[in-house]
Amino acid sequence: MSSANEAASAPELTSLQQRVAREIVALVRRDNRVSGDHLPEIQLAQHIGTSRSPIQAALRHLAQLGVLQQDANRGFFLSVDAKDWDGSVASLLATDDPLYLRIANDRQSDRLADEVTEADLMRRYGVARSTLRKVLSRISEEGWIEQSMGHGWRFLSMIDSPDAYEESYLFRQSIEPGAILGPSFAFVPAELKQLRREQQRIVDGGFQTMTPIELFEANSHFHETIAEWGHNRFVLQSVRRINQLRRLVEYRQASKRNPRHTQASEHLAILDAIERQDFMQAANLMRAHLNGARRGKLLDPSVFSEAA
């Protein structure tokens with residue numbers, strides 16, 4: 001595994017490269033990859049939705065940390081089993097971009113107005129315009145801010161209140177079970193097997209040891225994959241958008257581990273029904289699952305309490 005000297009010699013990454021590195025680590029750990037597995041750059045770029053340049057920088061960084069090795073002709077391969085990716089590598093999953101989280105927390109706590117300028121934000125957070133714009137670009141992609149005239153930005157609706165949270169769950173209850181019952185629904189056996197492996201890992205103890213980001217991404221992957229099986233682009237786009245907006249709220253619930261175990265168990269029951277092609281039962285289980293999650297979270301007074 002990596003040493004302190006290796007970690008110290010690893011080059012500093014940009015915010016984009018850090019995000020890409022986090023997503024690679026999350027993917028490798030989620031799939032429980034083993035030493036010798038290949039990480040094709042093109043596939044990673046397609047999965048993460050970025051160009052190959054930040055992928056290459058992130059892979060080189062992970063190689064510096066000792067968990068990957070690079071073959072000059074064939075690319076990057078795991079040199080350490082994913083289950084043993086700890087220390088400085090696992091710490092990549094411990095949190096998100098600090099500036100991103102500060103802006104999100106300030107917005108959720110009503111400390112930022114509906115409209116702001118880049119100059120205001122640069123003074124408030126003490127960052128350069130280039131650094132700020134990278135984060136604002138990410139937030140814009142997630143759909144909770146848009147650029148206005150000049151250097152101004154306007155915040156859009158986000159899940160920032162119990163009412164908004166409930167509305168998001170009620171909307172999901174109307175579209176996700178419906179996707180399973182749609183005429184174009186067709187699951188992919190290999191993908192179903194992967195989802196079952198991910199959710200079983202959570203049930204078998206991962207709900208206690210996985211980071212909040214890993215738990216959230218595993219949850220998002222489950223729901224987005226099932227939406228994708230419905231072959232309805234509007235359902236899939238909607239589920240992805242809501243997951244992007246949910247991310248900030250879910251990160252605040254990092255200490256609540258037991259519900260993750262329950263959710264993963266319910267996910268497994270849904271997958272079992274899909275595999276035996278009992279789609280009516282799968283849709284009913286999905287509706288009950290979303291309703292239970294909605295009730296549990298809305299009864300929790302700390303969900304929208306101010307972050308520490």
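Accessible area here comes from the Shrake-Rupley method with a 1.4 Å probe. With that in hand, start with the whole protein. This is a predicted model.

**Stop 1: the surface.** Show the surface and colour it by element. The protein exposes about 14,800 Å². Carbon and sulfur atoms supply 49% of that area.

**Stop 2: the whole chain.** Switch to cartoon. You will find 13 helices and 6 strands. Colour by burial next: 47% of the 308 residues count as buried. Residues 24 or more positions apart account for 71% of them.

**Stop 3: the sheet.** Select β4, β5 and β6. These 3 strands form an open sheet, in the order β4-β6-β5, with antiparallel pairing. Which strands are at the edges? They are β4, residues 115-117, and β5, residues 145-147. Each of the two pairs on one side only. Look along the sheet for its twist, which averages 30° from one strand to the next.

**Stop 4: one pairing.** Zoom to T117. Which residue stands opposite T117 in β6? It is G152.

**Stop 5: the helix on the sheet.** Select residues 118-125, helix α6. Helix α6 packs on the sheet and touches β4, β5 and β6. Now compare directions: that of α6 makes about 75° with that of β4.

**Last view.** Show backbone atoms for the sheet. Strands of a sheet pair through backbone hydrogen bonds, either parallel or antiparallel. In this sheet the pairing is antiparallel.

Conventions
Residues numbered from 1 in each chain as written. Predicted model: local features only at pLDDT ≥ 70, side-chain atom pairs only at ≥ 80, totals over all residues. Heavy atoms only, no water. Helix = DSSP H or I, 4+ residues; strand = E, 2+ residues; numbered from the N terminus. Buried < 20%, exposed > 50% of the residue type's maximum accessible area, 1.4 Å probe, protein only. Contact = heavy atoms within 4.5 Å. Pairing = 2+ DSSP bridges. Axes fitted to C-alpha atoms, helices over the stretch in contact; angles between N-to-C directions.
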